[in-house]
Amino acid sequence: MNAYEEYMKSITKDMRSELTQHGFTSLETSEAVEDYFNHVKEDESTFVVINSVCGCAAGLARPAAVTVATQNDKKPDHLLTVFAGQDREATDKMRMFIAQVPSSPSMALFVGQQLVGFIPREHIEGRPIEEICMDIKAQFDEHC
């Protein structure tokens, strides 16, 4: 591992754990993403956060995702995260399942392998966290 990769791994450790300490499973390889989707049941819901080092991920996306995933009455069966820029192959594979314009941070909700909700970066950046929480909540309430 070169110095840059080691530095990025060290500074993103806390950013990753901000989700994993609240029940999100970090998928760090393309095989892990593919394996997950090969085994998820058709009626199971999965909430995915494509994590990022940017300020809108730190101040908006991660806090909103954690708040709704831990406090909403209706919750997805599974919570996952991939880290854009860090787990490139895993993020690329996840984006194949999402089939939306690549953006990070972003959030996706699946039922089985079907994408039923997507919140791109442009619906996160510059918005009040309460509005982002309400967007996530509305998707959970409808699909979980």
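**Exercise 1. Find how many bridges join S2 to strand S4, and in which sense the two run.**

Step 1. Strands here are DSSP runs (E, at least two residues) and helices are runs of H or I with at least four residues, both numbered from the N terminus. Two strands pair if DSSP finds at least two bridges between them.

Step 2. S2 and strand S4 (residues 106-111) are joined by 6 bridges and run antiparallel. Ser-45 has Val-111 as its bridge partner in S4, and Val-49 stands opposite Met-107.

Before going on, please note that this is a predicted model, in which local features need pLDDT of at least 70 and side-chain atom pairs count only at pLDDT 80 or more, while totals for chains, interfaces and linings use all residues. Residues are numbered from 1 along each chain as its sequence is written, and side-chain values use heavy atoms, with hydrogens and water left out.

**Exercise 2. Work out whether the residues of S2 are buried or exposed.**

Step 1. Buried means under 20% relative accessible area, exposed over 50%, and partly exposed in between (1.4 Å probe, protein chains only).

Step 2. In a regular strand the side chains alternate between the two faces of the sheet. From S2, Ser-45, Phe-47, Val-49 and Asn-51 point one way, Thr-46, Val-48 and Ile-50 point the other way, and all are buried.

Step 3. With 7 of the 7 residues buried, S2 is largely enclosed by the rest of the structure.

Step 4. Contact means heavy atoms within 4.5 Å. Leaving out residues up to four places away in sequence, Asn-51 touches residues including Met-15, Arg-62, Phe-83 and Ser-104.

**Exercise 3. Describe the peptide bond from Ser-104 to Pro-105.**

Step 1. Most peptide bonds are trans.

Step 2. The bond from Ser-104 to Pro-105 is cis, with omega near 0°. Pro-105 is found in the loop between H4 and S4.

**Exercise 4. Classify two aromatic pairs, Phe-37 with Phe-97 and Phe-47 with Phe-140.**

Step 1. Rings of Phe, Tyr and Trp (its six-membered ring) pair if their centres lie within 6.5 Å; planes under 30 degrees apart count as stacked, over 60 as edge-to-face and the rest as tilted. By this rule there are 5 aromatic pairs.

Step 2. Phe-37 and Phe-97 have ring centres 4.1 Å apart and planes at 20°, so this pair is stacked. Phe-37 belongs to helix H2 (residues 30-39) and Phe-97 to helix H4 (residues 88-98), so the pair ties together parts that are 60 residues apart in sequence.

Step 3. For Phe-47 and Phe-140 the centres are 4.9 Å apart and the planes stand at 85°, so the pair is edge-to-face. Phe-47 lies in strand S2 (residues 45-51) and Phe-140 in helix H5 (residues 129-143), so this pair links parts that are 93 residues apart in sequence.
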